[in-house]
Amino acid sequence: MTEDHPALAVLGQLDTSDMAASAHLFTEDSVWHYSNPNLPDLQGDHVGPEGIGAFFAALAAKSQGKFRVEPV
């Protein structure tokens, strides 16, 4: 039997369209690192549930709601 990596199990619970419901997945010192030369204004470290939620909200706005997390 093959089990998912624990990080994939957490990402599978992440709902980027409702970060308030996903806030329990992140501690106050969690850091989401993001780097994309095509979106330099979003690059950097996003900290804690609020910072990570703000990042996903900005990413949703930039992608017109088309961004999706697909853990592999």
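Which residues form the largest nonpolar core?

**View 1. The whole chain, from end to end.** This is a predicted model. The chain has 3 helices and 2 strands. From the N terminus on, these elements run α-α-β-β-α. The C-alpha trace spans about 40 × 25 × 20 Å along its principal axes. Of the 72 residues, 25% count as buried. The chain exposes about 5,200 Å², and carbon and sulfur atoms supply 53% of that area. Take contacts between residues at least 6 apart in sequence: 22% of them join residues at least 24 apart.

**View 2. Confidence along the chain.** The mean pLDDT of the chain is 90. A value of 70 or more is reached by 96% of the residues. Among the elements, helix H1 (residues 6-13) has the lowest mean pLDDT, 86. Strand E2 (residues 44-47) has the highest, 98. Where pLDDT is low, predicted coordinates should not be read in detail.

**View 3. The largest nonpolar core.** This core has 12 residues. They are Leu14, Met19, Leu25, Phe26, Trp32, Tyr34, Leu39, Leu42, Ile52, Phe55, Phe56 and Leu59. E1 and H3 each supply at least two of the core residues. H3 gives the most, with 4 residues. In soluble globular proteins, nonpolar side chains tend to be buried together.

**View 4. The aromatic cluster.** Phe26, Trp32, Tyr34, Phe55, Phe56 and Phe67 form one aromatic cluster. The structure holds 5 aromatic pairs. One of them joins phenylalanine 26 and tryptophan 32. Their ring centres lie 6.4 Å apart, with 75° between the planes, and the pair is edge-to-face. Both phenylalanine 26 and tryptophan 32 are buried.

**View 5. Tryptophan 32 against phenylalanine 56.** How far apart are the ring centres of tryptophan 32 and phenylalanine 56? The distance is 5.0 Å. Their planes meet at 70°, so this pair is edge-to-face. The pair links distant parts of the chain. Tryptophan 32 sits in strand E1 (residues 31-34), and phenylalanine 56 in helix H3 (residues 48-62). The two residues are 24 residues apart. Phenylalanine 56 has 2% relative accessibility, so it counts as buried.

**View 6. The surroundings of phenylalanine 55.** Neighbours within four places in sequence are left aside here. Phenylalanine 55 is then in contact with Trp32, Tyr34, Leu42 and His46. Trp32, Tyr34 and Phe55 also belong to the aromatic cluster. Trp32, Tyr34, Leu42 and Phe55 are among the residues of the largest nonpolar core.

**View 7. Serine 30 in its loop.** Serine 30 lies in the loop between helix H2 (19-22) and E1. Is serine 30 buried or exposed? Serine 30 has a relative accessible area of 17%; the cut-off for buried is under 20%, so serine 30 is buried. A polar atom of the serine 30 side chain lies 2.8 Å from the backbone nitrogen of threonine 27. With neighbours within four places in sequence left aside, serine 30 is in contact with His46, Val47, Gly48 and Ile52.

**View 8. Glutamine 64 at the surface.** Glutamine 64 is found in the segment after H3. Its relative accessible area is 66%, so glutamine 64 is exposed. Glutamine 64 and tryptophan 32 are 32 residues apart along the chain. Their C-alpha atoms are separated by 21 Å.

Methods. Residues are numbered from 1 along each chain as its sequence is written. This is a predicted model: local features need pLDDT of at least 70, side-chain atom pairs count only at pLDDT 80 or more; totals for chains, interfaces and linings use all residues. Side-chain values use heavy atoms; hydrogens and water are left out. Rings of Phe, Tyr and Trp (its six-membered ring) pair if their centres lie within 6.5 Å; planes under 30 degrees apart count as stacked, over 60 as edge-to-face and the rest as tilted. Buried means under 20% relative accessible area, exposed over 50%, partly exposed in between (1.4 Å probe, protein chains only). pLDDT is the predictor's confidence in each residue, from 0 to 100. A nonpolar core is a set of buried Ala, Val, Leu, Ile, Met, Phe, Trp, Tyr and Cys residues joined through side-chain atoms within 4.5 Å. Contact means heavy atoms within 4.5 Å. A polar contact is a pair of N or O atoms within 3.5 Å; within protein, one must be able to donate a hydrogen and the other to accept it, and residues adjacent in sequence count only if both atoms are side-chain atoms. Accessible areas come from the Shrake-Rupley method with a 1.4 Å probe; for residues, only the protein chains shown count as cover.
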